[in-house]
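Please look over the structure below before reading on. The briefing that follows takes up a few of its features by topic.

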Amino acid sequence: YNLAIFSLQCYVFLTKNWNTPLIFDLKEGTVSLILQAERHFLLVDGGGLYLYSYEGRLISSPKYPGMRTDILNALTVSLSNDTLAVKDKADEKVIYIFEALSGKPLGDGKPLTHKTEIVEIALDQKGLTSERKIAFIDKNRDLFITSVKRFGKEQKIVKIGTMVQSLAWNDTCNILCGIQDSRFTVWYYPNTVYVDKDLLPKTLYEKDASEFSKTPQIVSFVGNQVTIRRADGSLVHLHISPYPAILHGHVSSSRWEDGVRLCRFVKDQTLWACLAAMAVANKDMSTAEIAYAAIGEIDKVQYINSIKELPSKESRLAHMLLFSGSTQEAETLLLQAGLVYQAIQININLYNWERALDLAVKHRTHVDTVLAYRQKFLEDFGKKETNQRFLQYAEGLEVDWNKIKAKIEMEIAKERERAAGSAAGRS
C-alpha cells in the first residue's frame, strides 16, 4: 500500500491499482508523521496518535501522560503489526509500549526504562507477539535489544553493539542492520544474545562503511537490499546475502531439515551459527547438535548429547534453559515438576552454594549432599570452610560418599520411573 496525505483527506493506494484509491477524512490536516506496518499504519498530527487499517477504519488512538505529538519523528516512534512504541520526551530514558489493536499499554502497563537517554528506537516486524523485540540506541551510541513483553519481572536489556549511528529491521524477517563506527553491520539473528551470547559474533556480517562518508542514515531494509542516505542527500543501495532470510523462513515453519540442507549447500559458518542459535531457541537439540558440530563447538555438542540422555522431559527442558543462561527459569521448572534434587544439583554444578543449601534445608532433603560437594570443592582448592551457615549444618556430620551416591542413584531411578510412567500414560 501507498499513502498520500492531503489537507483534510488520506488516500490509500493499492500498488496494483493506482486509479481508485480508498479515501477517508482526517480529523486535522496537520499530519506530521506517517509510519506503515504490514496490517495498518500510524498517523501523527497535532491532536494525537491514530492507528488506521488500510480500509480507512480507525483502530486505536494510544495516549500517555504528557504526550506531545509535535516533537515525534521516525526515530522516536516505531510500529509493528501488534505493537506501537513511543519514546517519551519528558523523560528520555522511557519508552511507552502499546498494543496496536486496543491502544492500551502492553503487559503490566509499565513503560520500558533504560539507564541513560534513548535517541532511536525500532521494533522488529515478524514473528509471534510474545517474542516481539525492540532495539534502541542510547546517547552513548550503544545498541541494546530487549523484549517488549514485560510482566513485572525484570527483562534483560542486552547490549549488542557500540558506536551505532543508525539502525533498521528487515521488513520480512527479524534481521537487524546498523552503521557501527566505520562498519556496516548486519545481525542475522539478534535473538542469539538470549540463547548463546558467545555465538553472537559468529552470526554477524560486517562491511567497511567509510564509503558512506560521515553521519549516514539507513532509510530502509527491504528484502536483501539496504538503502542508506549519505550526508549530502544521495542514496546508496547495499545488497546482503539472501540466505539468512531463507533460513529464517525455514525455521519459522519448523522445517529444520530444509534449514540443515540450506546450510550444507551454502557452506557458510555464519549461517551455521544462526541455525545453531535458532535451534536452541526453539528447543530442537538434534538440529543444534548438527549446527554446533559444523562450526567446531565440540564442547557444546557434548553438552547437548548429555541433555538428550536425561531421563525426563522436565530435566531436558531445564538443561536447555541452563544452556541459554536462564538459571532461575531452569530451577523453577524443576521445582514445579517435583524434581527437588535436580534443582539442588544444578546449583551445586554452578557453585551456587548458598542457593543449593537453601533448597536442601527448605525441602528437608540432600543437606548432606550439598555439604559433601561443598567440602570436596574447598579441599580441591586447599581452603577451609568460613561460612557460618555451612559450619552450623556440618557440625557433627560425617560425609559418607557411598551413602550420598546411593541417594543420588535412587533419585535418578525415581526420575526414570516417573518419566516411563508419563510416557506410558501418553501412549
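The crossing of helices α10 and α11 is left-handed, which is said when the near helix is turned anticlockwise from the far one by less than a right angle, clockwise being right-handed. This is a predicted model, in which local features need pLDDT of at least 70 and side-chain atom pairs count only at pLDDT 80 or more, while totals for chains, interfaces and linings use all residues. Residues are numbered from 1 along each chain as its sequence is written, and side-chain values use heavy atoms, with hydrogens and water left out.

**Helix packing**
- Helix α10 (residues 353–363) packs against helix α11 (residues 367–380) at an angle of about 160°, and their axes are 8 Å apart.
- That angle makes α10 roughly antiparallel to α11 (the word is used for angles over 145 degrees).
- In the contact (heavy atoms within 4.5 Å), α10 contributes Trp-353, Ala-356, Leu-357, Ala-360 and Val-361, and α11 contributes Val-367, Val-370, Tyr-373, Arg-374 and Phe-377.

**Annotated span**
- An unreviewed UniProt entry gives the annotation "domain: IFT80/172/WDR35 TPR" to residues 271–417, and such annotations may be inferred rather than shown by experiment.
- Residues 271–417 are 76% helix and 0% strand, with end C-alpha atoms 40 Å apart; helices are DSSP runs (H or I) of at least four residues and strands (E) of at least two.

**Cysteines**
- The structure holds zero disulfides (pairs of cysteine sulfur atoms within 2.5 Å).
- The sulfur of Cys-263 has its closest cysteine sulfur in Cys-274, 8.1 Å away, which is too far for a bond.

Methods: Axes are lines fitted to C-alpha atoms, for helices over the stretch in contact, and angles run from 0 to 180 degrees between N-to-C directions. Angles under 35 degrees count as roughly parallel, over 145 as roughly antiparallel, 65 to 115 as roughly perpendicular and the rest as oblique.
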